[in-house]
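Please look through the model shown here before reading on.

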Amino acid sequence: MTVIEMHDLKKDFTVRVRAGRFRRRKRTVAAVDGIDLTVDRGEMVGYIGPNGAGKSTTLKMLTGILTPSAGTVRVCGLTPVPQRTRLARRIGVVFGQRSQLWWDLPLHESFTLLRHIYRVPAADHAARLARCRSLLDLDDFLDTPVRQLSLGQRMRGEITAALLHGPDVLFLDEPTIGLDVVSKQAVRGFLAELGQGGDVTLMLTTHDLADIERLCRRLVVIDHGHVVHDGTIEALHARYGSRRRLVADLDAPLPASFTLAGASLVASEADGHRVSFTLESTTAAEAVAALMASASVRDLSLVEPDIEDVVARLYASPGDTS
Amino acid sequence: MADLRAYGALIGGQFRSIASYRVSFLVEMSSNAMTTALDITTVLVLFGANRSVAGFSLAEALLVASLSSLGFALADMLVGNVDHLKTYVRSGLMDVILVRPLGSLWQLLCMDLPFRKALRVVLALVVLGVAIHLNDVDWTPGRVALLVLSPLAGLVFFGAIFVLSASLAFWWVDSGELGSAFTYGGRDFTSYPVPVYAGWFRAVFAYALGFGFVAYQPALALLGRTDPLGLPAWAGYLSPLVALVAAVVAALVWRAGVRHYRSTGS
């Protein structure tokens, strides 16, 4: 069942640029420039891209905050802006950089207020809150005014707040931004558990690719308002030729004529005592066996491809949209 | 309206938020009451110098001023903080409001209700009572209804002006104090009998924009005076209608503004 549907979605912003002392010129900037994307129920989609790529703009069009300039968008079968209040009951939104909690009130009061705003039956509310309290460890600071919470505590409160009305879709805009390692893990663990149920569709933007690796099977990369990749992380590695590397410490340098079938030498350090090969058309086992057969190996390690590198390369070559 | 309870909860939340800063609340409340007292004093001082202005006695002018003052005080308390829209656009609160299943304008108003302005309303009520007492009103059921309705119409009218001027921020976040020219300027205009103004200024503000119907025309109808400017006696009863038109225009502009909303980065 399709939950999110975007077809040729565009958002233009008019920017006034200073041109001379008093004159200003109008310029149109396409923040989102023709996005086609469908997301099925229960999917967990990572939506990434460099700053200014159009991630937040897309999310704001999906949640009914911004009106699209062109194209169509449907979430839960509803058109976000005209059906904003109906849609609001079906979605939850977490903004990493802004709060939906009442700053001066104890955290639990925000939850009660949200129960009234969304008109959630008391029993449903209590059940959902109890689940979040135990999974996100909220009990220690439920009575603390939100303004006194740490960022990690507040973010756990924000996620709870977005889930109390039992949304079908949860949008998270940089939910782990600024969090310490422990809080990040708590948030990721909770979201992973939430996604496991298969009822909630999850779409998150992030700059921390560890969030994606931990949570999302599907990765959508956008740049300059276009989708440049849509698929699994493995597909991204395959497409951009990221390979595992075999790094070996040797007793003596390899002879200059040495080659490893199906792999190529990419680095030689410490006067040839440390060498790195990328594995192209061979398995790690074969490469290790071949190397051990012809050299005296002191130590070995296998380095997994780094998603950060792939994405950095992807951002650097925006023209390559194939 | 089933949403009423939700708005009630929002107002309760706002009240408890304010209550967590008790001293600041009390200080602001008293300084607010002072401002209102000064507004009325201005009218008194004017009449201290001249026994009558444009053919209106002090008591009659006080009725005009107090009707205006009560309508404005109500609007300022219930709707005035829509003025903070600029800040809410910048801080991102507007985004948060738009992802909730309630009307955006009502949410904003309920979440930022300045209870400290309540004393102003009380003070304005007292002055209206004094003004009624000073004038010899020939009470009819119609006039009693008018006395109740015109401050409410004033509330709706000024509320619409507040919403209209705040809506500028949807198109122009740096709209600054431009809106105040119409809100506070409008209040000052309505505090005096319309005949003190002249020419195109009177035509535009009193009749085209409708400010003349907030306090002046209802006051004439209450006093049973004929309008020196020639409008018929029933013109005083038009104020709810004028307020309604203003409210519809404001609602449409707000709606257009939300559709035009650009949010802010990230």
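In which helix of chain B does B:Thr190 lie? B:Thr190 is found in helix 9 (residues 180–190) of chain B, where helices (H or I, at least four residues) and strands (E, at least two) are DSSP runs, numbered from the N terminus. The model is a predicted one, in which local features need pLDDT of at least 70 and side-chain atom pairs count only at pLDDT 80 or more, while totals for chains, interfaces and linings use all residues. Residues are numbered from 1 along each chain as its sequence is written, chains are lettered from A and ligands numbered from 1 in the order in which they are written, and side-chain values use heavy atoms, with hydrogens and water left out.

B:Thr190 has a relative accessible area of 2% and is therefore buried, a term that means under 20% relative accessible area, with exposed meaning over 50% and partly exposed in between (1.4 Å probe, protein chains only). Leaving aside its neighbours within four places in sequence, B:Thr190 is in contact with B:Val64, B:Ser68, B:Phe158, B:Phe211, B:Val214 and B:Ala215, contact being defined as heavy atoms within 4.5 Å. A polar atom of the B:Thr190 side chain also lies 2.9 Å from the backbone oxygen of B:Arg187.

B:Arg187 in turn forms a salt bridge with B:Asp188, the closest N and O atoms being 3.3 Å apart; the term stands for a side-chain nitrogen of Lys or Arg within 4 Å of a carboxyl oxygen of Asp or Glu. With a relative accessible area of 13%, B:Arg187 is buried, whereas B:Asp188, at 40%, is partly exposed.

Another salt bridge within chain B is made by the side chains of B:Lys117 and B:Asp76, at 3.3 Å from N to O. Because B:Lys117 lies in the loop between helix 6 and helix 7 (118–134) of chain B and B:Asp76 in helix 3 (residues 58–78) of chain B, the pair ties together parts that are 41 residues apart in sequence. Both B:Lys117 and B:Asp76 are buried.

Is B:Asp138 buried or exposed? B:Asp138, which belongs to the loop between helix 7 and helix 8 (141–171) of chain B, is exposed, with a relative accessible area of 54%. From B:Asp138 to B:Phe157 the separation is 19 residues in sequence and 27 Å in space, taken from C-alpha to C-alpha.

Chain A comes next. Its 10 helices and 13 strands belong to a chain of 322 residues, of which 50% count as buried, and the C-alpha atoms of chain A fill a box of roughly 75 × 55 × 45 Å, taken along the principal axes. Among contacts in chain A between residues at least 6 apart in sequence, 68% join residues at least 24 apart. Chain A is divided into domain 1 (2–239) and domain 2 (245–304), with bounds that come from an automatic or database domain assignment, and the C-alpha centres of domain 1 and domain 2 of chain A lie 45 Å apart. In chain A, a network of salt bridges links A:Lys184, A:Arg188, A:Asp208 and A:Asp211.

What does the contact between the two chains look like in numbers? The size of an interface is often given as the accessible area lost when the parts come together. Chain B and chain A bury about 2900 Å² between them, 55% of it on carbon and sulfur atoms, where buried area is the accessible area (1.4 Å probe) that two parts lose on being put together, summed over both. To this contact chain B gives 31 residues and chain A gives 32 residues.

A search of the whole structure finds 21 salt bridges over all chains. One that joins the two chains is formed by the side chains of A:Lys60 and B:Asp95, at 3.7 Å from N to O; A:Lys60 lies in helix 1 (residues 55–62) of chain A and B:Asp95 in helix 5 of chain B, so the pair joins two chains. Both A:Lys60 and B:Asp95 are buried.

Across the interface of chain B and chain A the rule finds 4 salt bridges, and the side chains of B:Arg16 and A:Glu109 also meet in a salt bridge, at 2.4 Å from N to O. The elements that give two or more residues to the side of chain B that touches chain A are helix 1 (4–19), helix 5 (93–98) and helix 6 (104–111) of chain B, and helix 1 of chain B gives the most, with 7 residues.

Terms used. A polar contact is a pair of N or O atoms within 3.5 Å; within protein, one must be able to donate a hydrogen and the other to accept it, and residues adjacent in sequence count only if both atoms are side-chain atoms.
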